[in-house]
Amino acid sequence: FRGEKVTFRCDIQGRGDTEWTYDWYRDHNTFYTYHTTQEISISDYYSGEYTCRGRRRSDSQISKTSDPVKLTVSEKPKPELTSDLKGDVLTGNSVTLYCTLKPQSDGWKFYWIKPTQSTETETETHSNTIRSVRVSDGGQYRCRAGRGNPVYYTDYSDALWVNVTESPKPVVIIKPDTQVFRGERVTFKCDIKGGDTEWTYDWYKDGYTLYTSYTTQEISISDYYSGEYTCRGRRRSDSQISKMSDPVTLTVSEKPKPTVRVNPQSSVYTGDRVTLTCNLNSTGWTFLWYKDYQKSNPLSPGTRNTNTLSVTVSNEGVTQYYCKARRGNYDSEISDPATITVRARPKPVVKVQPAERVFIGETVTLTCEIQTGESWSYLWYRNNEELSDAAGKKTHTITDIKESDKGDYTCKGTQSSDPKYTQTSDGVTLTVSEKPKPELTSDLKGDVLTGNSVTLYCTLKPQSDGWKFYWIKPTQSTETETETHSYTIRSVSVSDGGQYRCRAGRGNPVYYTHYSDEFWV
């Protein structure tokens, strides 16, 4: 190239340069004559065909003329800098840069540099391979070539950008779970950002190659073993590799059998809500539940996404529940039964004194009776609203009852031990009426003849229970009391005639009705 120093040598074998002088020709024209040394080093030269011959010093005899050697002289060259990769370089991989001279010629060394380097890197060939690339290796590279002594350098190439990207790290995803069971179908996925069109995939188990250059992200297989699974991607365009994924441990077990846990475990009463849990030490399952001996007929709605079943028990006795787990098309064994023994929940009875039909001003006592010996605290309700003034009391007493006290009364019991609460009692309807006035009548339509009997009736409307009856006429200083609403006077004498009245009374202290109208006997 223009500017290089060129040495021409006329080599006559076995004779050396002490015996000869040399004549040089370019394109058959004399170039130098009688040159005393074999070599000529010059910087001023031209393209052409160069020949030489020797002239013997002793007698000027001449050798044959050499074959021509063509010298081509070009302008100072500028190499082209290229890469063996089309895209970015992934960290950890290698990239080779090529510094190409056109036209090609021999004897060159090559020099490589980028702005962050203080000195050039020298190579004997026109390629420069950067191994285990780091992000810091990226940048704007240039190259040039040099040969000779002193060194003749070409121009620098144009800049080539080497873009270095952090190599992605795949993630191994195993479905349905990393805890699987013999016979399940397992899908392994090597998840690399950028999708599976850019990569092929290499799979390893416990460090040994399992599959290479797999063309899809996922592999679904039924033949597999416990172990640590890893994967990496290989870029389709240039075979650069990603980082190796972290290992994921796959554990393969025999067909599982779930267990059923019951909460609460004891003292279950009618009306309680019981939660059953189907336990299996892996994820991704749906669950089926069975009751008693219906193992081929799961409870509605069939498969459930949660492993719990909540049931409200309404009948006393023994019930057995089973469960089975399902993942995809794979079923576990059916569990052993969980047995629930249900006892009848106590139901109180409300008792009323003196009666359910009462009258304004009476005193009424309501008692909540529970046929068990536990220490209950009581809750009272009227028309389903809690009576705060009666809370905790077994007996609820209403004095001087009013019409506003009427309604349906219920009660229930609570305690700290099982059963913690009773059922709610049936309702007792309390009716409150105005103070009554009985009607006094006789069993006879006319006069009573002496010596006969007469029966008087003191009738309350509306009728109700618990009354005693009181009879009087003006000639009596005290009332006559009877247990029933009838009063019979036997062997009547004339003195038994007169103006009679009656009234009723009940309770303690006694609540009295009005007196009846007078009745003449």
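# Exercises on a predicted protein model

Trp-467 is buried, with a relative accessible area of 7% (buried means under 20%, exposed over 50% and partly exposed in between, using a 1.4 Å probe and protein chains only). This is a predicted model: local features need pLDDT of at least 70, side-chain atom pairs count only at pLDDT 80 or more, and totals for chains, interfaces and linings use all residues.

## Exercise 1: Aromatic pairs

Describe the ring pair of Phe-1 and Trp-108, then that of Trp-467 and Tyr-511.

Step 1. The structure holds 17 aromatic pairs (rings of Phe, Tyr and Trp, the last by its six-membered ring, with centres within 6.5 Å; planes under 30 degrees apart are stacked, over 60 edge-to-face and the rest tilted).

Step 2. For Phe-1 and Trp-108 the ring centres are 5.8 Å apart and the planes meet at 50°, so this pair is tilted.

Step 3. The two residues are 107 residues apart in the chain: Phe-1 belongs to the segment before strand 1 (6-9), and Trp-108 to the loop between strand 9 (95-100) and strand 10 (109-113). Strands here are DSSP runs (E, at least two residues), numbered from the N terminus. Both Phe-1 and Trp-108 are buried.

Step 4. Trp-467 and Tyr-511 have ring centres 6.4 Å apart and planes at 50°, so they too form a tilted pair. This pair joins the loop between strand 42 (454-459) and strand 43 (468-472), where Trp-467 is, to Tyr-511 in strand 47 (residues 511-512), 44 residues apart. Tyr-511 is buried, at 9% relative accessibility.

## Exercise 2: Around an arginine

Work out where Arg-327 is and what its side chain reaches.

Step 1. Look in strand 30 (residues 317-327), which holds Arg-327.

Step 2. Is Arg-327 buried or exposed? With a relative accessible area of 4%, Arg-327 is buried.

Step 3. Its side chain reaches the backbone oxygen of Gln-179 at 2.9 Å.

Step 4. Leaving aside residues up to four places away in sequence, Arg-327 touches several others, among them Pro-176, Phe-181, Glu-184 and Trp-285 (contact means heavy atoms within 4.5 Å).

## Exercise 3: A strand and its loop

Sort the residues of strand 25 (residues 259-263) by face, then follow the chain into the loop.

Step 1. Val-260 and Val-262 make up the covered face, and Thr-259, Arg-261 and Asn-263 the uncovered one.

Step 2. Strand 25 pairs with strand 27 (residues 273-279) in the antiparallel sense over 5 bridges (pairing takes at least two DSSP bridges). Opposite Arg-261 stands Thr-277 of strand 27.

Step 3. Most residues other than glycine have a negative phi, and most peptide bonds are trans. The bond from Asn-263 to Pro-264, however, is cis, with omega near 0°. Pro-264 lies in the loop between strand 25 and strand 26 (268-269).

## Exercise 4: Two asparagines

Compare the phi and accessibility of Asn-383 and Asn-384.

Step 1. Although it is not a glycine, Asn-383 has a positive phi of about 55°. For Asn-384, phi is near 70°, also a positive value.

Step 2. Asn-383 sits in the loop between strand 36 (377-382) and strand 37 (385-386), and Asn-384 is placed in the loop between strand 36 and strand 37.

Step 3. Asn-383 is partly exposed, at 43% relative accessibility, whereas Asn-384 is exposed, with a relative accessible area of 70%.

Definitions and conventions. Residues numbered from 1 in each chain as written. Heavy atoms only, no water. Helix = DSSP H or I, 4+ residues; strand = E, 2+ residues; numbered from the N terminus. Polar contact = N/O pair within 3.5 Å; in protein donor to acceptor, adjacent residues only side chain to side chain.
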